[in-house]
Amino acid sequence: MPLETTLHYHPDLVRHAVICFWRRSTGRRTLLVSAALAIWFGVLVARGDRSWQIGVTGAAVAISLLMCATVYVVHYRNAMGKLRDMGGTPEATLRADEHSFTLASAAGLATLPWSSVKEVWQFERVWLLLFSPAQFSTLPVADLSPEMQALIGASVRGTGGKVHRL
């Protein structure tokens, strides 16, 4: 028997979802590597080194920080654009059974098999359904009944996807 719920969205929730995605996908690792490279860059500059290493290290620091910022900004703008497309009352209907799920809102309708979900990242306030490394849908946890949560987890695992409680 299909389950159905209404999902309620607002800018703070969408921003939180993007931050969760960014932290999990690029944030901490890239920032740690960037910090290590920046320290090495500082050491080279302090020693008066003017070799090719200065240029390469400086470029690596700049590129890694630019990539971090770009991933966040692109996903944030995309998510906020989708929120605006949902109209005055940003709500969606999630209808799910053991084979597929449907998301319907003023912005559109999509029915997908559970096999299209590669991973579920379960955060405290949101669940992110990942379809690829850079594409996800946001589900507000406050709107998911325990039965719906169990169905999502079992259906994704049943088609080979992974579920991560974070």
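Residues are numbered from 1 along each chain as its sequence is written. Because the model is predicted, local features need pLDDT of at least 70 and side-chain atom pairs count only at pLDDT 80 or more, whereas totals for chains, interfaces and linings use all residues; side-chain values rest on heavy atoms, with hydrogens and water left out.

Secondary structure follows DSSP runs numbered from the N terminus, with helices being H or I runs of at least four residues and strands being E runs of at least two. An open sheet of 4 strands is found, in the order β1-β2-β3-β4 and with antiparallel pairing; two strands are taken to pair if DSSP finds at least two bridges between them. Strands β1 and β4 (108–113) form the edges, each pairing on one side only. From one strand to the next, the twist averages 15°; angles run from 0 to 180 degrees between N-to-C directions, and axes are lines fitted to C-alpha atoms, for helices over the stretch in contact. Helix α3 (residues 146–158) packs on the sheet and touches β1 and β2, its direction making about 105° with that of β1. Contact here denotes heavy atoms within 4.5 Å.

Strands of a sheet pair through backbone hydrogen bonds, either parallel or antiparallel. In this model, β1 and β2 are paired in the antiparallel sense over 6 bridges, and L7 stands opposite A92 in β2. On the other pairing, β2 is joined to strand β3 (residues 100–105) by 5 bridges, again antiparallel. The bridge partner of A92 in β3 is S105, while A96 stands opposite F101 in β3. Strands β2 and β3 form a hairpin, with 3 residues between them.

The side chains of β2 alternate along the strand. Buried denotes under 20% relative accessible area and exposed over 50%, with partly exposed in between (1.4 Å probe, protein chains only).

A search of the whole structure finds 3 salt bridges, each defined as a side-chain nitrogen of Lys or Arg within 4 Å of a carboxyl oxygen of Asp or Glu. E4 forms a salt bridge with R95, with the closest N and O atoms 3.0 Å apart. Because E4 lies in strand β1 (residues 3–8) and R95 in strand β2 (residues 91–96), the pair ties together parts that are 91 residues apart in sequence. E4 counts as exposed, at 52% relative accessibility, whereas R95 is partly exposed, with a relative accessible area of 42%.

D12, R15 and R125 are linked in a network of salt bridges. Between D12 and R15, the closest N and O atoms are 3.7 Å apart. Both of these residues, D12 and R15, lie in helix α1 (residues 11–46), 3 residues apart, which is about one turn of the helix. The side chains of R125 and D12 also meet in a salt bridge, at 3.0 Å from N to O. R125 lies in the loop between β5 (119–122) and β6 (126–132) and D12 in helix α1, so this pair ties together parts that are 113 residues apart in sequence. D12 counts as partly exposed at 38% relative accessibility, as does R15 at 31%. R125 is likewise partly exposed, with a relative accessible area of 32%.

W40 is found in helix α1 and is partly exposed, with a relative accessible area of 38%.

A36 also lies in helix α1 and counts as partly exposed at 47% relative accessibility. The C-alpha atoms of A36 and G87 are separated by 44 Å, the two residues being 51 residues apart along the chain.
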